[in-house]
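Subject: Handover of a model

Hello,

I am passing on the structure below, together with notes on what turned up in it. Please read them with the model open.

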Amino acid sequence: MAIIYDEKEQVFMLNTPNTTYAIAVTDETYLCHLYYGKKIQDSHIRYLLREDELPFVPSKNFREKNTFLDTFPMEYPETGMGDYRQSAFCVRDAEGHRASACIYKGYEIKAGKPKLPGMPATFAEEDVCSTLYLHCEDPVLGLRLCLMYSVFEDVDVITRSVRVENIGGNPVYLEKVLTACLDMADQSFEWVSLCGAWARERHIQRLPVGYGRQNVASFRGESSHQEQPFIALATKGAGEEEGEIYAMHFVYSGNFLAQVEKNAYGYVRMTMGIHPEGFTWKLEPGNEFTAPEVVMTYSCQGFGKMTRTFHELYRNHLIRSPYLHKARPVLINNWEATYFDFDEKKLLEIAREASELGIELFVLDDGWFGKRNSDNCSLGDWKVNREKIPSGIGKLSKEINALGMKFGIWVEPEMISPDSDLFRAHPDWAIQIPGREITQSRCQYVLDLSRDEIVDYIYEQIAEVLRNAEISYVKWDMNRQLTTIGSAALPADRQGELYHRYVLGVYRLQERLITEFPDLLLENCSGGGARFDPGMLYYSPQIWCSDDTDAVERLAIQEGTAMLYPLSCIGAHVSACPNHIVGRVTPFETRGQVAMAGTFGYELDVTKLSEEEKEQVKEQIQCYHMYQELIREGDYYRLLSSQQMQRADAWMVVDREKKKALIWCVTVLNAPNQDGFFLKLKGLDSEKIYRINEKEYQGDVLMNCGIRIKPATKDFVSRMFYAECI
Ligand code: DGJ
């Protein structure tokens with residue numbers, strides 16, 4: 001049984017294959033966090049709460065209830081009654097007071113996992129997952145709170161969500177509904193997050209946890225380039241294979257807060273949920289609100305195990321696409337080849353050459369619609385630009401198909417250009433505050449997707465394009481973040497709902513798209529990698545990782561991204577040099593090998609390649625076909641990181657049977673007068689014999705002595721090795 005309630009101890013034990021999460025009921029009233037860590041059998045662990053120590057607990061020491069609330073490990077802390085740490089829940093009542101005290105009322109344990117209304121969430125069959133529902137009520141507010149914990153039996157994950165129900169007679173205003181809180185005694189923790197900016201997303205940051213609050217957060221309306229909805233606490237010195245890690249990841253694509261707080265007594269609180277800034281939700285009597293899902297995992301084998309747990313969860317329980325376990329076509333995208341400067345003839349020239357090289361999918365990027373010859377117009381006018389493409393998208397797609405390639409198209413459905421027929425007809429459809437200038441970003445505004453009629457309209461525009469052409473792939477872009485938050489359709493006391501309603505609108509649109517076009521390969525994108533989050537993975541099996549296609553910058557971006565996401569999700573392309581963003585020149589081979597650690601493709605003008613480069617393209621495609629299944633399905637191990645001042649960037653994937661492995665090793669800047677080195681592999685079978693480049697090695701030799709990496713003779717040298725068990 002994954003979930004056990006010890007009635008005598010009043011302890012809930014939530015067991016995954018290797019972990020236990022335990023919750024206790026204190027004073028028949030409070031839900032307190034008891035334990036999270038390595039799996040334990042016995043539920044007699046109530047002593048961990050030290051309830052007999054003063055000043056705890058209220059039934060023994062009511063005069064110090066405030067101290068109890070402010071220091072006890074709480075399962076779901078609330079605002080206003082005496083816990084001054086970051087709360088998870090804050091309600092304003094009809095009179096303007098901000099306090100709640102939801103008292104434990106009872107529990108249910110059910111097989112399976114509930115769906116979250118209108119939101120992405122992990123899923124599982126009833127035989128591998130069960131859910132604990134903890135019911136609490138605040139009689140003063142007339143509020144019912146349900147804390148939901150789904151426990152997986154095939155992967156070390158517990159997911160959480162919270163449902164709030166107004167069972168009283170008055171409306172209340174939810175000002176904060178975080179999803180998860182984890183209170184623990186400090187263990188010299190460090191906290192880890194993935195931070196960055198446009199073109200340098202998801203770099204790994206690791207800092208000591210000090211007193212006070214430290215957080216990563218987005219209130220940009222999307223998860224963002226700058227922040228990833230992820231936070232982990234690691235015991236000091238934790239590495240790839242050793243040390244304890246407590247991690248949370250948010251299955252959500254909008255504003256979020258992921259915070260760690262250390263209090264005066266050395267207790268640490270980790271919280272995650274929708275960012276309370278800019279959030280208020282009016283809950284009328286009889287209505288419910290559900291918070292998006294948080295995924296929690298614990299690893300006592302360092303970051304490597306954490307990574308593989310996330311990968312397993314997302315592959316088996318989040319991504320729904322029929323492409324999940326299928327070969328992805330090698331694509332060519334015309335963006336960096338032409339930007340807006342193309343016509344049908346040019347596109348067909350590129351496609352013709354690409355098909356001769358073995359590329360399987362041609363993607364027409366931005367600039368095919370309205371009057372769009374630069375980024376300053378036409379978003380919202382989803383009709384083909386006949387000046388550029390006289391025969392239309394339907395005919396073009398057929399011509400591409402006739403070359404033996406599939407056809408894909410770029411769209412940016414969430415946006416509206418000030419210079420567009422759509423904006424001229426519906427100026428109130430843009431998110432805006434009346435009387436205030438709408439802040440432009442990339443010369444565009446954001447559609448108010450909280451409104452059903454706008455979602456319906458824009459869906460129909462995009463679906464019409466897809467219905468009338470042979471389109472097997474869509475790149476869904478989103479090129480700006482949200483500002484001047486206001487909706488013409490929401491009353492004053494509901495404007496605080498717009499950020500979240502917008503995200504729900506995006507989810508509605510994507511759900512409709514993949515329902516009407518179930519065979520579509522959808523790739524999400526947001527100005528590169530600004531919406532690379534688990535929420536998006538529920539709709540698309542791959543996400544464009546970054547606008548930065550430089551192979552060296554990609555090492556850092558892809559290392560950070562792969563910390564949480566399987567390689568099969570990471571959009572990666574070979575582009576031209578000097579690289580358009582950093583001006584760096586790297587070998588064609590290196591660009592190819594780095595892009596192979598993702599959904600391999602090209603983003604350059606193949607008609608301009610030299611004969612030698614064309615030969616390399618053919619070889620790279622052949623190589624990708626050979627290893628694509630291993631890259632897509634294999635277990636991922638980080639080996640070396642140049643971000644951490646190691647000699648190279650190296651990583652590998654190993655199949656489930658440990659019979660095959662693919663290893664990458666990329667040295668960045670070459671250094672003079674240096675010996676080669678030995679790269680120790682991971683995840684192999686110590687007993688098995690593997691062949692690498694005609695030589696045989698035992699698994700334990702490869703893992704303990706390593707493979708030989710000869711000194712590089714120039715900068716940016718990439719090497720790939722294939723190991724097969726004999
Ligand atoms: C941002 C994307 O990340 C690029 O790949 C490209 O599609 C442009 N937008 C097009 O405007």
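Tyr690 has Cys725 in S38 as its bridge partner. The model is a predicted one, and that applies to everything that follows. The strands concerned are S35 (residues 689-692) and S38 (residues 717-725), which run antiparallel and are joined by three bridges. On S33 the link to S38 consists of eight bridges, again with an antiparallel run. Within S38, Arg719 is the residue that stands opposite Cys665.

These strands belong to an open sheet of six, ordered S31-S32-S33-S38-S35-S36, with antiparallel pairing. The edges are strand S31 (635-640) and strand S36 (695-698); each has a single partner strand, so one side of each is left without a neighbour in the sheet. On average, neighbouring strands are turned by 25 degrees against each other, direction ignored.

Two helices pack on this sheet. Helix H10 (residues 551-562) touches S31, strand S32 (649-654) and strand S33 (660-667), and its direction makes about 135 degrees with that of S31. Helix H12 (residues 611-633) touches S31, S32, S33 and S38, and the direction of H12 makes about 90 degrees with that of S33.

**Helix H11**

Helix H11 (residues 588-595) is largely enclosed by the rest of the structure, because seven of its eight residues are buried. Those buried residues are Phe588, Thr590, Arg591, Gly592, Gln593, Val594 and Ala595. What do they pack against? The buried residues of H11 pack against H10 and H12, strand S29 (570-575), strand S30 (599-603), and also S33 and S38.

**The ligand**

The ligand is surrounded by 13 residues, and the closest are Asp365, Asp366, Lys475, Asp477 and Asp547.

- Asp366: 2.7 Å from an oxygen atom of the ligand.
- Arg442: 2.8 Å from an oxygen atom of the ligand.
- Lys475: 2.7 Å from an oxygen atom of the ligand.

Taken alone, the ligand exposes 290 Å², and the protein buries 98% of that.

**Two buried glutamates**

Glu414 sits in the loop between strand S23 (406-411) and strand S24 (415-416). Is Glu414 buried or exposed? With a relative accessible area of 0%, Glu414 is buried. The side chain of Glu414 has a polar contact of 2.6 Å with that of Tyr502, and another polar contact, also given as 2.6 Å, with the side chain of Arg531. Leaving out residues up to four places away in sequence, Glu414 touches Val446, Leu447, Leu449, Trp476, Asp477, Met478, Tyr502, Val506 and Arg531. One of these, Asp477, is also listed among the residues closest to the ligand.

Glu497 lies in the loop between strand S26 (473-476) and helix H8 (498-516). Glu497 is buried as well, with a relative accessible area of 0%. Apart from residues up to four places away in sequence, Glu497 touches Thr280, Trp281 and Lys282. For Lys282, the backbone nitrogen lies 2.8 Å from a polar atom of the Glu497 side chain.

Regards

Notes. Residues numbered from 1 in each chain as written. Predicted model: local features only at pLDDT ≥ 70, side-chain atom pairs only at ≥ 80, totals over all residues. Heavy atoms only, no water. Pairing = 2+ DSSP bridges. Helix = DSSP H or I, 4+ residues; strand = E, 2+ residues; numbered from the N terminus. Axes fitted to C-alpha atoms, helices over the stretch in contact; angles between N-to-C directions. Contact = heavy atoms within 4.5 Å. Buried < 20%, exposed > 50% of the residue type's maximum accessible area, 1.4 Å probe, protein only. Polar contact = N/O pair within 3.5 Å; in protein donor to acceptor, adjacent residues only side chain to side chain. Near = heavy atom within 4 Å. Areas by Shrake-Rupley, 256 points an atom, 1.4 Å probe, with all protein chains shown as cover.
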